[in-house]
Structure formats: C-alpha cells, structure tokens
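Student: Can we go through this one together? I'd like to start with the helix packing.

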Amino acid sequence: MLYLLAAGESMKSAIIGLGVIGKVHYDTLKNQGENIVAICDIDENKLASFDVERKYTDYKRMIEDGGIDVVHICTPHYLHADMSIFALEHDVNVLCEKPLCINYEDIERIQKAQDESKATFGVCFQNRFNNSSIFAKEYLKDKKIKSALALVLWHRDAAYYASGAWRGKKATEGGGVCINQAIHTLDLLQWICGMPERIEASTENVSLQGVIEVEDTATATISGKDYKATFVATNAMQSDLPVEITFGYDGHSLKMLPDEVLFDGEVVDYEKDVKWQGKMSYGNGHEKLIRNFYECVASGKKFEIDAYEAAKAIRMVLAIYKSDGCNTIV
C-alpha cells in the first residue's frame, strides 16, 4: 500500500501490547516524530500511563475503528499470528515483534494473509541493522564461509519468567531460549551464511526445573550446503555475556559482536556512541529498522524482513525443537 503524505505529515501509528518491548516501540516512534494515535493492552493500568487519545483493550475494535496506517504488534508470542492476520486483512501495515509465530501452520497463514493484503508486513529482527552486522554481511558476501560458531550466553532467572504469565510455557511462548532470545542470532547466522539444510540439536532445562516447561539451554550443529555451524544458547549463565558469531573463511576468522568486529582476533571496526533502546541485549537497531519500515511503507518499496524472510529463523527454531538429537530437515 502506497501512502502519499503531505510535507511534514507523519504516519498514524498504533501499538498493541505495552510491556517492555512495546515501550521501546513507543519511545522510538516518539523520537522519530511519528503520530501515535492509538494504543491497546488488556491491562487498563498500562493504558493509563501513556498520553495517547485513543485507548483500547480490544485490538480488533481498534483496527476496525480505522485511522491507522501502521500497527506495531508487541504482544506475547502466541498472539502474533492472529493479530498480524487480522490487521493485514484490514489492509493495515504491520510491524510485528519476533518471532513471526510459534508453529509451522501459522507461517503459511501469515504468508497467505501478506500475499492477499494491500498492506506491508514486517518482523523486528533489529540486530540486522547493527553496524557490526551490516559490516560483516557486506564483507563476507563474496567469501566462502566454511564454518561458524554462534554463542548466546545469558541469564534469565525465575523472577524473569514470573514477570509474565505467558513466559516459560510451550503453548504461549512457543519455547524458551531458542525462540525468545537466540532467534536473533539464528537469523543473523542464516542471513550471512545462507539458509541451512539440516539441524541436529538437543535442548534441556539446566537451571529452572520446576519453574518453566521449556528449554533454557540448547546446542545444535547447523549444516548448510557449503558450511557447518555450531550453535550454543543458554539462559543459565550468572550474567549476560555479549552475543558473538565467529565465521571461518579462507583460513581466517571474523568475529561479530553487537558493537565491534574482529579479524583473526584483532578489532578492526568499532561502533562508537551507540544508542541503546531498552535492554542492551536488544541491540541498537530498533530505531533504524522502524525508520526503514516506515520508509518502505511510504515509498511502496518492499521491506526486507517480511513473512517469508522472517519464516527462515522460526523454521530453524522449530527444527531445533523437532530434532531431539536427530538430523532434521529445516
């Protein structure tokens, strides 16, 4: 859908879900001068703390009332598919937080809704917009990557999972560390190396038995046509360590961190004056991604991370869960 705006005019935005990540979207939109006309959350106490004219507890009513150009979906994972599809069916542009969805069936449902809608659909894999990610993607595009090591070593305790009734449950979160925290790293891995063909993985609950019903730790061997990667993700650390992906190519290595790149162990590119939105673990790409999405909506240009592109990472996650130690087709 092409939006022709008058000079100085901004899009009319709405946000569904006013938790931690919803506040990141709210602050980013405000910083970018977008016009937030409506918000929605089932918790009326959250609604009261935002200075927005239209406030809803029913997202369908909000969308049906009209006057919205872009809706940001910042709700628990299990709600993403139905909310995205409803908005697309009403030709409202959608920017959805990750993951795209939590099962195979919903991948196809969302892709069908995107194909049949006049609106633009996008998913927030904001770490693609980190300077270090862009640098590594560009540098390695003509290199023959043979191996990779991806590490996500974070800490999430019982209090974190108690912060939302949906967290730590298979039916509502869809999984644990893989689908919530490490999905960004899986997305970067396939974005730079190419979509893998097979995954052999195991998952376990190391530190939160009796607290959550999903995994806090996962290990996997990820095999592409010309490369093999080792993936390790855990929420059982005592504190968060920086996410890192090391790529092996032509007898050399490139290590990508959130804010720097190392060649053969030596720092060569450092991103200074980084502005973080929300937790540092979110990276610093939300502002760039949201700006890019709005530019695509306004110009009619395709947004890169649509339902088909975002499905790649969720297919990797689902293959990890399906594997249970067996070699599984992605």
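Tutor: One definition before that: axes are lines fitted to C-alpha atoms, for helices over the stretch in contact, and angles run from 0 to 180 degrees between N-to-C directions. Also, this is a predicted model.

Student: ok, at what angle do H5 and H12 pack?

Tutor: About 175°, with the axes 10 Å apart; H5 covers residues 104-116 and H12 covers residues 307-323. Angles over 145 degrees count as roughly antiparallel, so H5 is roughly antiparallel to H12.

Student: which residues of H5 make the contact?

Tutor: Tyr104, Ile107, Ile110, Gln111, Gln114 and Asp115. From H12 come Ala307, Tyr308, Ala311, Ile314, Arg315, Leu318, Ala319 and Lys322. By type, the contact has nine nonpolar, two polar and three charged residues.

Student: how many aromatic pairs does a search of the whole structure find?

Tutor: Nine. One of them joins tyrosine 26 and phenylalanine 50, edge-to-face, at 4.8 Å centre to centre with 80° between the planes.

Student: which parts does that pair tie together?

Tutor: Tyrosine 26 lies in helix H1 and phenylalanine 50 in the loop between helix H2 (44-48) and strand E3 (54-56), so the pair ties together parts 24 residues apart in sequence.

Methods:
Residues numbered from 1 in each chain as written. Predicted model: local features only at pLDDT ≥ 70, side-chain atom pairs only at ≥ 80, totals over all residues. Heavy atoms only, no water. Helix = DSSP H or I, 4+ residues; strand = E, 2+ residues; numbered from the N terminus. Parallel < 35°, antiparallel > 145°, perpendicular 65-115°, else oblique. Contact = heavy atoms within 4.5 Å. Nonpolar A, V, L, I, M, F, W, Y, C, P; charged D, E, K, R; others polar. Phe/Tyr/Trp six-rings, centres within 6.5 Å; stacked < 30°, edge-to-face > 60°.
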